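Hi everyone, thanks for making time. Let me put the model on the screen, and then I'll walk you through a few parts of it.

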Amino acid sequence: ALIRSYPDLEEELREFFGLRSDEKIFIAGSTQAPEESFALDTWQLLRSEFPSLRLILVPRHKERFEEVAALVTSRGVTLKRRSDSVRTVGDVLLLDTLGELGACWGLADIAFVGGSLTQRGGQNMLEPAAYGAAVLFGPNTWNFRDIVEQLLAREAARVVRSAEELTATVRELLQQSAAAEELGSRAKAFVATQQGAASRTVDLLLRLRVAESSLIQNRRAA
C-alpha cells in the first residue's frame with residue numbers, strides 16, 4: 001500500500017496536544033482492551049525515570065473512546081482529548097477522532113501498533129514505519145504476516161509479548177535513543193522499498209493496459 005503523509009494535520013496535532021520538540025512521544029494506536037491499560041502502565045512506570053515521555057492513546061473503535069477516557073482518569077492523571085473544544089492540558093492525550101491516526105503516527109518516537117496483544121491479528125504497522133518511528137507490536141499479527149516477517153528480518157521492528165515486555169522495550173528504546181532511531185530508519189527504508197514496488201506495479205499495469213488497447217486498435221484497423 002502507498003503511504004500518504006499529512007504534514008499540515010501532523011503539525012496541527014502537535015500544536016493542539018502541546019507537544020514540545022524535546023519530548024519523547026509514545027503512541028499506542030489502533031488499540032483494543034486491554035492494550036490501552038498496558039500502555040498506561042508503561043507510561044506510569046517510566047515517567048519518573050523519563051520526565052519528557054508523553055503518551056497518546058488511539059483506540060481502534062470509536063465506541064470505546066469514553067471507556068478509554070474513563071480508564072485514564074481512573075488512574076488519577078489528567079486527560080486531554082482531541083475532541084475537547086476547550087484548550088486544556090493533560091498528562092495523557094487521547095486521539096478520539098476518526099481519520100487522524102495516519103497523521104498522528106508522524107508524532108511518534110515509539111509506536112505500539114494494537115490488535116496484536118489481543119486476538120485481532122494486528123493492525124497496519126506500515127504507517128508508523130513510514131514515518132521512521134521505532135515500531136512495536138505483539139505476537140498476534142497474522143493479518144500482516146508477510147510485512148511482519150520482512151520487518152523483523154530487517155531488524156526494523158520489535159515484538160513485545162506482554163505488558164511487562166512492552167514496558168521493558170520502551171525503557172530500552174528511551175535509554176538507547178541511537179538504537180531506537182536506527183530501528184526507525186530501517187523501518188522507513190523498508191517502507192520506501194515497498195512503495196517503490198507498488199509504484200512499479202502500477203506503472204507496469206498501466207503499460208500493459210496501453211499495450212492491450214493499442215493491440216485491439218491495430219486489430220480493428222486490420
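Helices here are DSSP runs of H or I with at least four residues, strands are runs of E with at least two, and both are numbered from the N terminus. Before I go on: this is a predicted model, in which local features need pLDDT of at least 70, side-chain atom pairs count only at pLDDT 80 or more, and totals for chains, interfaces and linings use all residues. Residues are numbered from 1 along each chain as its sequence is written, and side-chain values use heavy atoms, with hydrogens and water left out.

Now H3 itself, residues 65-74. Which residues of H3 are buried? They are Phe 65, Val 68, Ala 69 and Val 72, where buried means under 20% relative accessible area, exposed over 50%, and partly exposed in between, with a 1.4 Å probe and protein chains only. These residues sit on the same side of H3, because they cover an arc of only 105° around the axis; the arc is that of the directions from the helix axis to the C-beta atoms. On the face turned away from that buried side, H3 carries the exposed residues Glu 66 and Ser 74. The cover over the buried residues of H3 includes helix H2 (35-46) and strands S2 (53-59), S3 (79-81) and S4 (92-94), with contact meaning heavy atoms within 4.5 Å.

On to H2. Its buried residues are Glu 35, Glu 36, Ala 39, Leu 40, Thr 42, Trp 43 and Leu 46. Seen down the axis, they fall within an arc of 160°, so they line one face of H2. Their cover includes strand S1 (24-31), S2, H3, S4, strand S5 (110-113) and helix H7 (163-175).

Finally, the whole chain. It has eight helices and seven strands, and 45% of its 222 residues count as buried. The C-alpha atoms fill a box of roughly 80 × 40 × 35 Å, taken along the principal axes. How much do residues 24 or more positions apart contribute to the contacts with a separation of 6 or more? They account for 65% of those contacts.
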